[in-house]
Amino acid sequence: MLTGCGIPVVSAASVSLRVTSYGDPVKLKIRGEAVAKFNHTHPKIQMSYEGYPSSNYFDKLATQFSGGNPPSVINMDPVHLQQYARSKALHPLEEYVGKTIQTSSFEHNLLAQGKDRNTLYGLPVGVSTYGVGYDKTLLDRLKIHVDPTWTYTDFANLMVHLHKAQGPKFYGTEDASGDWASFEVYLRAHGGMLYRDAKQLAFSVTELGDWWRYWEKMRKSGGCVPADVAAEYTYDDNSGGPVIKKLAAFEHIYTPNFAGGYQSLSKDTLRLTTPPLARAGSKHGAYQSPSSVMVMSQRNSAKDKSAVFIDWICNSPQSGAILRFISGPMASATALSGTKGSMSTAEAEVVRYTNLAPRNAIAPPPLAPAVDSQINSLFLRTSQDISFGHQKLAAAVKGFVKQANALLGG
């Protein structure tokens, strides 16, 4: 039986390999079904599937590697790819490109994020793109049109207008002050970035101060939800965020969370648009990234067979027809073709936005350092200290930069 999923594995294979993935129970079940389909169509290459919750997946993976028993093929995110590639735990995929593994149907910038030091280690499975989600039904009723050429000033003005139009208990948008990804998008739009390299932040205390002052002003004006409301949900929580709870019209949404998440929980029609610009005529800061990649462990006795599976799961229309949009649209155009003719309205919106976003976007940044998740948590805590009045903004900015640089230096 496939671990945790109850999906039978075809027996009598000449080669037996392991593939592991992470996610919620629904995603794990669907990925198990894709592995079972591969096993059915490739009887001589049987993949034993192991699915684990995201919360302890990478701890378990580290234990498997340190114990000398890693899976043959591993589903991971680009940040961990860099960490494992540089420790020589992963086998490069370069020798299979153009032979067993086809890369022509992947967008160049997306494929580049599966590389470390210009060597391909991970083939993207799905595409994740930062977007600004909004309640189109509500805005249509108010006769408000969303203009993708808006600036951050335009955005703030519209949010205050919504608050005044809808009443004191309704706000324009979420409070994104503590969202590391939203700050990155803001920095990129203004010509900056999060990291100079793996050891240094790339932004100044002035830039960070401007960001937190922007949201402090929004809270005071009613443009975004107040601190106590913001503390009740986590970013990208499609069931508890302000749009689903009818507390706001806008909220940032990553494409993997749109169709099966936000839209499935709302009776209103939701839409996605690009984030604001720094100034008229400039570029926005969102970018496409792999929601996850498939990599091959160096300790793998059947690397050629593993490459066959990696190409199939990432490139095959059969795989695309099963995985569909559980992690955003399939990264490979060939795999995405497996969903043609059967897309829901929400899935079609994800594809529309995924194709739209790169047109006026800045190229993706280098991979984030391994401590990015720790800095992310620190950023949220510090922003909440500001919003609840536990820290003065100027002191909080200096404290964050000092602690973040200490994490990077360590």
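Predicted model: local features only at pLDDT ≥ 70, side-chain atom pairs only at ≥ 80, totals over all residues.
Residues are numbered from 1 along each chain as its sequence is written, and side-chain values use heavy atoms, leaving out hydrogens and water.

**Aromatic pairs**

- Searching the whole structure turns up 29 aromatic pairs (rings of Phe, Tyr and Trp, the last by its six-membered ring, with centres within 6.5 Å; planes under 30 degrees apart are stacked, over 60 edge-to-face, the rest tilted).
- Phe155 and Phe250 make an edge-to-face pair, 6.0 Å centre to centre with 85° between the planes.
- Phe155 belongs to helix H6 (residues 152–166) and Phe250 to strand S10 (residues 248–254), so their pair ties together parts 95 residues apart in sequence (helices, H or I, of at least four residues and strands, E, of at least two are DSSP runs, numbered from the N terminus).
- Trp180 and Phe183 form a tilted pair, with 6.0 Å centre to centre and 40° between the planes.
- Both Trp180 and Phe183 sit in helix H7 (residues 180–189), three residues apart, or about one turn of the helix.

**Burial and cores**

- Phe155 and Phe250 are both buried (under 20% relative accessible area, with a 1.4 Å probe and protein chains only).
- Trp180 and Phe183 are both buried too.
- The largest nonpolar core has 101 residues, of which Phe183, Phe203, Leu208, Phe250 and Phe400 touch the most other members (a core is a set of buried Ala, Val, Leu, Ile, Met, Phe, Trp, Tyr and Cys residues joined through side-chain atoms within 4.5 Å).
- A second, separate core of 16 residues includes Tyr52, Phe65, Ile74 and Leu81.

Methods
Buried < 20%, exposed > 50% of the residue type's maximum accessible area, 1.4 Å probe, protein only.
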